[in-house]
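This report describes selected sheets, helix contacts and single residues of one protein model. Please keep the sequence and the structure in view while reading.

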Amino acid sequence: MSEVGTYEVIDGIGVITINSPPVNALGYNTRVALDEGFRKFGADDAVKAIVLACAGRTFFAGADISEFGQPPRAPDLRDVLDLIENTAKPVIAAIHGTALGGGYELALVCHHRIAVPSAKVGLPEVKLGLLPGAGGTQRLPRIVGIEAALDIITGGNPIGASQALSLGMIDALAQEGNLAADAVAFARTILAEGRPLVKVRDRQDKVEPARGKPEIYAGFMKKNAKAFRGFQAPVNIVKAIEAAAELPFDQGIVRERELFEDLMAGSQSGAQRNFFFAERQTTKIPDVPSDTPILPIKTVGVIGAGTMGGGITMNFLNAGIPVTLVEMTQEALDRGTGVIRRNYENTAKKGRMTQDQVEQRMALITPAITYDALADVDLVIEAVFEEMSVKKAVFGKLDAICKQGAILASNTSYLDLNEIAEATSRPQDVIGLHFFSPANVMRLLEVVRGAKTRKDIIATAMALAKTIGKVPVLAGVCHGFIANRVMTVRSLAADALVLRGPSPQEIDKAIFDYGFAVGPYQMMDIVGLDVIGRGATERTIRGDLVKLDRLGQKKNGGFYDYDENRNATPSPVAAKVIADLAADLGINAIGSLGADEIVAHLLYPVVNEAARVLEEGIALRASDIDVACLLGYNWPVFTGGPTYWADTVGLDKVVDGLRAMGHEPARLLVEKAAKGEKFNG
Ligand code: 3H9
């Protein structure tokens, strides 16, 4: 008897139920149970058909990612799938929850697939830097056709049951809550009708029309060039799908395997798999156990209806949580709610929301121009001007007005949360909830723990993040917390480097080619030079450009010149401003640098700052810093984030590089390098 499988016979139908919490990943025990169940029922003449189902919250969520990179243990997943596909009696996959990756590939070797309406199916391997390596690239196109398969597999998003039904990815819908009985009834119908066994692998009708048409793949790559830039997995996926059209099934499978192994051996999948687990680690806080009580958050108050406050508000409206939105004047309030409405209406225009939903969300806002309206909310988040005296005044008022036990949160991005908390008589109820702009889009939420913040408030903030679709990262109090603190170092390093010779465009290109969407100088021109570095006292390139009224894309160009279509060209004016400042400061040029050297100049200091953040206990673990940079600053996921990337470079090389560039390497970095250790693992 297997540890995770139960096998029963109902009315001549063998029902195999796998129960391997949490998500029925296809790890060793599960494979053993499947192998055992199919051998048993395959040989049992009393069993006429087999239903394969899962207990718990979901059908198989895919191969067990934690086994990747470990020595293989038989039975291999592909062998188990062959056994199922070659069973001489009908096999029906009974799907609930999510059938993902290897889990959906397993459903594809069954002869039929039935799912409850709430189920989702999909092949998300691309998000792990992989491709479906258990036949998915060869079987899915045989059901949905080449074009649809290209979209589904390179997109990696789960598909709801009704759409899956219309695409042919499942064959029938079961009644919600009645899957097992409906699947058995489905099996009996098949038997009664004497339907022949269908193997997806034998189908040709959907792939034939694409045969001999390489232009399909070239066109698809061209259309998605921006989205795929830098990623290896989509390239291999497209090649594998082309093989489904061009090669007999068995040869296609061989090709799929080669392309899968190629991705497994490359650096990107390691980085993306590390991120998968890193994202799920962030809520684990050593001194805040998982059974810490979570406070109910039924109502929220947001102070400030500007860009940040408005974005924050939308997160709660989207989750169905009412928000009392407070501004100083009726005009500011109207402007803020107007922007929120326009955002929703734009989404509705794109067909991603109905007008009714727009109204439902707007109806959840209670606008107010006095703090009294916040007396009963469970959580209040202030998003007012980033200045200590303003924040303290706000918290003083909240202390006087909010009910006892309410969570008082600040969205400060740099200020000392402890000082803010001390402006109240209840610093234990104060926490930082630092959203990233645009707050309704960016997935990072830094949860800032003050010296006195209560543990149940921390646990509540972590849980709340999930409710509103964010990934929380716990940060200690320091200037800039995690993401801003480490990423600011990149800008400082760029500014130091640009004075020594490499041009803004050389620096931007190196960072773009590394995988960021834009380089630091392109970014400054987009945001506005007068906005960035406002209030700086020392002389800077930005300041000198602003004096010439070069504010960026919005006015007269900035680091670049722009034509009427905002196409950038290198700016001789900016080049002169840079050269003049370098001369005035007596900085010597170092001549031109290769792209790798530029990347090292900008990103080794980021790694160094990450080490300091870790050393000071501001972040709990290195992977939290990576999550913060990936989700807060769009650091390219295929490099894994600053600490994972540094591990791949080699910490000793980073230490040597930092010293050669005149930086003092962080103690932790030096220690790890000396011991041959990594940040991660
Ligand atoms: C694949 O299949 C390759 C094949 O094509 C070829 C092979 C030859 N393995 O996300 P949650 C853990 S690649 C191991 O919080 P939810 C997860 O780490 C795979 N562990 O739950 C977490 O652990 P912990 C393709 C896994 O309800 C716990 O389960 N499949 C796996 O929010 C709960 O996870 C995928 O990429 C796994 N496959 O969401 C699907 N999956 O509690 C990946 C989860 O210790 N999984 N864990 O932190 C998911 O997308 C979500 O987990 C799922 C549930 C939607 C299933």
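Strand β11 (residues 323–326) pairs with β12 in the parallel sense, over four bridges. Pairing requires that DSSP finds at least two bridges between two strands, and strands here are DSSP runs of E of at least two residues, helices runs of H or I of at least four, both numbered from the N terminus. Within this pair, threonine 324 stands opposite threonine 366 in β12.

The model is predicted: local features need pLDDT of at least 70, side-chain atom pairs count only at pLDDT 80 or more, and totals for chains, interfaces and linings use all residues. Residues are numbered from 1 along each chain as its sequence is written, and side-chain values use heavy atoms, with hydrogens and water left out.

β11 and β12 belong to an open sheet of eight strands with mixed pairing, in the order β12-β11-β10-β13-β14-β15-β16-β17. At the edges stand β12 (365–368) and β17 (471–475); each has a single partner strand, so one side of each is left without a neighbour in the sheet. On average, and ignoring direction, neighbouring strands of this sheet are turned by 25 degrees against each other. Helix α25 (residues 622–633) packs on the sheet and touches β16 (444–448) and β17, its direction making about 130 degrees with that of β17. Contact means heavy atoms within 4.5 Å. Axes are lines fitted to C-alpha atoms, for helices over the stretch in contact, and angles between N-to-C directions run from 0 to 180 degrees.

A second open sheet, also of mixed pairing, has three strands in the order β5-β7-β8. Its edges are β5 (98–100) and β8 (159–160), each with a single partner strand, so one side of each has no neighbour in the sheet. β5 and strand β7 (residues 120–122) run parallel and are joined by three bridges. Threonine 98 stands opposite lysine 120 in β7. Helix α3 (residues 102–109) packs on this sheet, touching β5 and β7, and its direction makes about 90 degrees with that of β5.

| Helix pair | Angle | Axis distance |
|---|---|---|
| α26 (residues 642–649) and α27 (residues 651–660) | about 100 degrees | 6 Å |
| α20 (residues 504–514) and α21 (residues 520–527) | roughly 105 degrees | within 7 Å |

α20 is therefore roughly perpendicular to α21, a term that covers angles of 65 to 115 degrees. Pro504, Ile507, Asp508 and Ile511 in α20 meet Pro520, Tyr521 and Gln522 in α21. By class, this contact of α20 with α21 has five nonpolar residues, one polar and one charged. Nonpolar covers Ala, Val, Leu, Ile, Met, Phe, Trp, Tyr, Cys and Pro; charged covers Asp, Glu, Lys and Arg; the others, Gly among them, are polar.

α26 and α27 are likewise roughly perpendicular to each other. Ala646, Asp647 and Val649 of α26 make the contact with Leu651, Lys653 and Val654 of α27. Four nonpolar, no polar and two charged residues form this contact of α26 with α27.

Is serine 269 buried or exposed? Its relative accessibility is 1%, so serine 269 counts as buried (buried is under 20%, exposed over 50%, with a 1.4 Å probe and protein chains only). Serine 269 lies in helix α12 (residues 267–281). The side chain of serine 269 reaches the backbone oxygen of leucine 128 at 2.9 Å. Apart from neighbours within four places in sequence, serine 269 is in contact with Leu128, Gly129, Leu130 and Leu263.

Arginine 335, in helix α14 (residues 330–349), counts as exposed because its relative accessibility is 58%.

Methods:
Parallel < 35°, antiparallel > 145°, perpendicular 65-115°, else oblique. Polar contact = N/O pair within 3.5 Å; in protein donor to acceptor, adjacent residues only side chain to side chain.
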